Amino acid sequence: MRLIKHKTTINFLGKTRRKIALAISLLVVVVSLVEVATRGLEFGIDFTGGILLEVGYSQAADLESIRGNLADAGFSDAQVQLFGAETDVLVRLAPQDGNAQEIRNRLQATLTAGGDSIDLRRVEFVSPQVGEELAEQGGLAMIFTLLMIFAYVMFRFQWKFALGAVAALAHDVIVTIGFFAIFRLPFDLTVVAAVLAVIGYSLNDTVVAFDRIRENFFKLRGISAEDSMNTSINEMLARTLITGVTTLLVLTALLVFGGESIAPFSIALIVGIIVGTYSSIYTASATALLLGVNAQDLLEPVKDPDLIDDLP
Amino acid sequence: MLVLVFLLTGLLLALPNVYGTAPAVQIVDGDGIAFTEERVEDFVRTVENGGISPEAAYLVDGRVVIRLASIAEQQQAEARLRDQYARVASIAMTQAPKLPDWVRNLGLNPMSLGLDLRGGVYVLLEVDMETAIESRMAAYQQDFDERLRDARIRHRVDLVDNQITIRLTKVEDTETARTIIRDADPDVLIADGTDGKSLFVRMTDVQVKARQDFAIEQNITTLRNRVNELGVAEALVQRQGTDRIVVQLPGVQDPTRLNEIITATATIEFRLVDLAGDQPGTREYRGRPGIQSQKLRRDVIASGDQIVNAESGFSEGQPAVFINLDSAGGERMLATTRDNVGKPMSTVFIETKRESVTRNGVTEYHKIKTEEIINTATIRGVFKDRFQTTGLNPAEARDLALLLRAGALAAPVYKVDERTIGPNLGQDNIDRGFRAVQIGFLAVIVFMAVYYRWFGMIANIALLSNLVFIAALLSLLQASLTLPGIAGIVLTVGMAVDANVLIFERIREELAAGSTPQIAIHSGYEKALSSIADANITTLIAAIVLFAFGTGPIKGFAITLSLGIITSMFTAIVGTRSIVNLVFGGRKLTSVPV
């Protein structure tokens, strides 16, 4: 079976298309940045600090009365919402003053006030200080990953490719995070992990394309860098799409069956992989072209003339 | 052949995971000494005398594990064991894998599950380093004071901002004082005052660092003891960074009592009452309700860290704590009581708590230290290292005895992060995670079989063995599997076929270019190799950074992702190649089913 016909000749990187693609990418990146800057992210308590309770009721929960009870007990800032099921409730609170143990007891008493028997499924107390550190670590991890990858691609290819790859990755990271800002999705520690995995995946795609580009730069001498890159991307199209499909298949399974707490993680990966697939076709190669990449860039100086006979 | 050996090893290592777990009781020696086989029989006999027959009983790293058929039997067995051995061993209920003897004898274990899968309490504690330094300086102050007094040098010693100021009355005493301080500690920094008869003493940076390390290590030991006292199996107490300690208590459902015990700083000190109230450093201590306040002398006769054993009980109908001091504390107590018969001595109960106050979005922490006299008694006779103290309620006496027994914290700890996962959520997470793996796996398998036909089936065999290898490595490394870890496995399942997709697409290209089937297969594998390597190394970079920066849940994801990438390289390249060679090798092929 084939998803696409054997020899596609889609002109991905034609002058105008390339520009349109770059313009779209740039627009989406700017929108994402503006969204994140103005509206911000729905940071989870991993980053803000605070209190989170996941409570299982024996019957469908009455959110209004829970809110009321909490407000009466002095927790007026509590966010109460259903979590995956009618009987499952998530309560979020900003960091509270005073002794943590007392607060915990008071909360537990309030939630059982209506005589309901509850299953305290999860209770998290995170101090704002730890939240700040986690946010800092997450940011550092992203920057560090991008740097390491830049170094690796530079070592394996050349700086124009490295810059193209990192531009594509930054694009993926920004757009994925922007998606979370636009749709007000909860942004927690697992989302940071997902974004880093997106970096790995998207780069995987980009590098495979670069690999073929390098091969074709040597094989198809005499044609322009643009044509040779186009051919390479077309040749790798089937693989890019199939790997994308299998990965999206498992992630959809994770989103549907993995439960509510892992949902933001799955969404981040699904968005990231779609964006990453697009960016490894357009952003990465288009940026490299923009930087004027050509076959000479990849020619390594010949070290030992005798060895040439051994090359295929 | 080698592939087969690997696969069989993988299957063997992954095998322990299929047996499931059963309720069990774990017994650990109170002094941390490994149990012997004979002791196992003792424990089993105790359980059997209660009419319960254990399913299995064996030693693991010097701990005894007794596996039982039901939770009811587990509770009965635990109660019986506790009755008989609670004084010498710590007894905890736990879950043990139902491994057949031969598997266990090979030293194989199932994967260990993270807290989010098995339920439990995670606490991140911060060690109060300031107090650690302050208490060390206070000890120096007392030591210098005594030594100067013994040398009959007139002086005053003050402690302000971690600096000790020694003021002498005579200039000619300065050198003697300096020598005395040097004798006490050759490393401290000594500076001269401008008046020629005062000295300033500080700790060096190295000493401060050493003191902090000591405080952390001492706290970890103490916390381990406390957790053992409470009977939590497989508890983890670990240092994190420079001033943090992670405590993980699997299976614990209500953290209330644990919290009290873990962060408790309760300790006691014994001081003489300063009847005249004119001694240097004497100050007023408040009494508990019903106990009179007293002026107590600065010198501590003995404090919590010199107590080697403590038991709670009753003395003349009152709750009491029976105390054993170490030899140094005993000597001091002996000397003090000998010189002060007929004079009163007080027991001070000290607790430190921290409360947070948020003002204008800035959270500040306030330390609240309570020092209360719980009793004052007249020294009736000379005593040394064994005595008792009263003045607490029964629960306080019990907790204080536990805390003194487990050792004092070298510095107070404060909770900065606490996460409790209920057992139901844990089980739900396991069920959901594994369903996601199953369905995702099934979807990929069907897709590959339809898309690449026979070669797709070969890739599927590789994918299945990849899962076996991940399970095997996780079991071997005993790395905790978490929910994000399962997500990592799911992601690996999706991405692992990539290598095969690269190879198969390449074979198709070669065929289309007119290569013969065997050559197409050969060069398909050959030429795809560098792409596969590049692609996987870059993902591995991301996974390793995740591991380095990540904590808790993120680490779990990084571990399974990295393991999955490594094993998938092996199964997708070497594994499928050997199957392809086995099936299609050495034959003349007219077409390739790819």
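Over how many bridges do strand 5 of chain A and strand 21 of chain B pair? Select residues 118-126 of chain A and 413-421 of chain B: these two strands pair in the antiparallel sense over 5 bridges. Strands are DSSP runs of E with at least two residues, helices are runs of H or I with at least four, and both are numbered from the N terminus; two strands pair if DSSP finds at least two bridges between them. Zoom in on Phe125(A), whose bridge partner in strand 21 of chain B is Glu418(B).

Before moving on, note that this is a predicted model, in which local features need pLDDT of at least 70, side-chain atom pairs count only at pLDDT 80 or more, and totals for chains, interfaces and linings use all residues. Residues are numbered from 1 along each chain as its sequence is written, while chains are lettered from A and ligands numbered from 1 in the order in which they are written.

Next, show the whole open sheet: 8 antiparallel strands in the order 3(A)-4(A)-2(A)-5(A)-21(B)-6(B)-12(B)-11(B). Strand 3 (79-82) of chain A and strand 11 (236-240) of chain B are at the edges with a single partner strand each, so one side of each has no neighbour in the sheet.

Contact here means C-beta atoms, placed from the backbone, within 7 Å.

Finish at Leu196(A): among the residues it touches are Ala141(A), Met142(A) and Leu546(B), not counting residues up to four places away in sequence.

Methods. Contact = placed C-beta atoms within 7 Å.
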